[in-house]
Amino acid sequence: MPFEDELGEALRRTGDGFTSEGRDLVDAGERRGRRMVARRRAAIAGGSALALALIGTAGAYANGMLWGAGGGGGRANVASSQEPPALGPMVRQGQTERNNRVGTGAVSAEQLTGVLKQLLPQGTLSAVEARGTGHELGPAVSAVFDDGEGKSMVGFGLYRIDPKGEMAEDMLKCPSKTTTKHDSCTSETLEDGSRLFLYKGYVYPDHRADVKSWRAIVVTPQGFMVDAHEENSEQEKGSPVSRPAPPLTLAQMKALVTSPLWHPALNDLPAAGQEDERPAGRQGARAAGILEELLRADGIPIVSRDEEHGDLGYLVLDDGKGKSLVSLDIQVDSQRKPGEPATWADLFKDAETLPDGSKVLTEKRDGDKGVPGMLWWKAEVLRPNGTRLILSSFNAATQGSAVTRKEPVLSVERMKELVTSPKWASEYGQ
């Protein structure tokens with residue numbers, strides 16, 4: 001099964017833990033699937049609309065990428081185990097084949113657990129789960145770490161990827177604070193040519209629970225990728241905050257992911273090979289460009305314009321009554337076979353059907369729970385070819401900032417007109 005197939009499957013499994021309004025956006029990317037790999041950079045999984053769409057961008061975090069269904073393969077001898085958290089960022093769907101993550105099994109789950117114990121500072125481990133290099137989902141290890149100041153989930157995933165490919169670029173790109181709330185993010189090149197990503201964010205961007213999620217990713221010139229995460233909670237969901245911050249500083253996280261102790265396991269994995277060339281331009285850039293063209297008739301000034309990884313683009317409009325974030329997420333059902341329904345077809349069961357076969361939904365709902373008065377309006381269409389367009393508008397300049405106006409700048413009726421414009425057919429087909 002191609003990596004992108006498995007990623008989508010994992011994201012759908014991860015989505016089962018979200019609310020219904022968030023679960024539909026988990027399938028984006030990425031869808032990401034990740035920007036961890038998802039999609040697009042960086043959102044940490046949670047209830048935030050754009051963060052879920054990215055999840056990725058930090059954003060995410062592809063649960064299956066690190067752990068698959070239920071972890072498995074080499075569980076350490078402990079009293080209990082827990083499913084590791086679904087972290088971001090997500091990345092654009094890659095071309096890496098799943099078998100590139102399976103080695104000879106020369107490095108066992110127990111050996112990887114030993115590496116984790118050796119690298120962590122003084123403390124105790126419990127709820128350990130690990131997979132060796134022969135596991136079909138690739139090597140990984142996670143545990144609950146307690147340094148005496150509160151228990152914390154920590155985890156590591158090991159991969160081989162094209163260091164110059166799109167996946168690496170997406171994994172190492174910091175998210176925009178316009179769409180993903182986080183405290184800090186850096187991406188730099190080290191002296192040996194490795195590239196390092198350090199991120200401080202949150203499991204829930206809407207802060208319904210203050211679980212912090214910190215991440216470190218390194219990609220070496222030979223294509224080794226070590227992805228580490230930690231939370232200030234024993235679990236990503238369903239467990240209270242156990243300490244003010246995760247136990248390891250970003251400097252410590254950097255030391256852990258760049259340690260040569262992971263190299264025996266990484267060397268046992270086959271090289272990923274070179275990714276296919278990227279399509280001309282990013283979906284997000286093209287989508288933002290089309291949306292900008294369509295909005296010219298409205299005469300509303302655009303004060304900023306940007307695009308996230310892969311498929312999400314956004315504009316910030318200001319009609320003189322306050323700034324308003326407008327985003328467009330493009331979800332292409334690349335795994336859909338002719339004659340089969342789209343992955344998200346069930347979400348459109350009660351949708352209005354247009355003469356060309358497209359299905360349209362509109363919704364008005366509250367936005368970020370941590371921002372009083374935040375409104376999120378959206379219009380989305382499922383085209384006959386399975387492509388999904390989600391247009392969102394907020395009454396604030398970013399998803400996490402204070403509201404700037406009473407309502408979003410675009411009415412739901414206008415958003416419906418925009419998302420069903422014939423211009424999308426020329427770009428994304430019927």
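User: Which residue in β5 is the bridge partner of T186?

Analyst: Happy to start there: in this predicted model, T186 has L198 as its bridge partner in β5.

User: What makes β4 and β5 count as paired strands?

Analyst: Two strands pair if there are at least two bridges between them. Here 6 bridges join β4 to β5, so the pair meets that cut-off. The two strands run antiparallel. Their hairpin has 5 residues between the strands, and G193 takes a positive phi there, near 95 degrees.

User: What makes β5 a mostly covered strand?

Analyst: Of the 8 residues in β5 (residues 195-202), 6 are buried. Buried here means under 20% relative accessible area.

User: Why are C174 and C185 called a disulfide?

Analyst: Their sulfur atoms are 2.1 Å apart, and the cut-off is within 2.5 Å, so the pair qualifies as a disulfide. The structure holds 1 disulfide. The pair links distant parts of the chain, with C174 in the loop between α6 and β4 and C185 in strand β4, 11 residues apart.

User: Why is that disulfide of C174 and C185 left-handed?

Analyst: The torsion about the S-S bond is about -90 degrees, so the disulfide is left-handed.

User: Are C174 and C185 buried or partly exposed?

Analyst: One of each. C185 has a relative accessible area of 18%, which is under 20%, so C185 is buried. C174 comes out at 25%, between the 20% and 50% limits, so C174 counts as partly exposed.

User: Why is the aromatic pair of W376 and F394 called stacked?

Analyst: The centres must lie within 6.5 Å, and planes under 30 degrees apart count as stacked. W376 and F394 are 6.1 Å apart centre to centre, with 10 degrees between the planes, so the pair is stacked. W376 sits in strand β13 and F394 in strand β14, 18 residues apart. Both W376 and F394 are buried.

Terms used:
Residues numbered from 1 in each chain as written. Predicted model: local features only at pLDDT ≥ 70, side-chain atom pairs only at ≥ 80, totals over all residues. Heavy atoms only, no water. Helix = DSSP H or I, 4+ residues; strand = E, 2+ residues; numbered from the N terminus. Buried < 20%, exposed > 50% of the residue type's maximum accessible area, 1.4 Å probe, protein only. Phe/Tyr/Trp six-rings, centres within 6.5 Å; stacked < 30°, edge-to-face > 60°.
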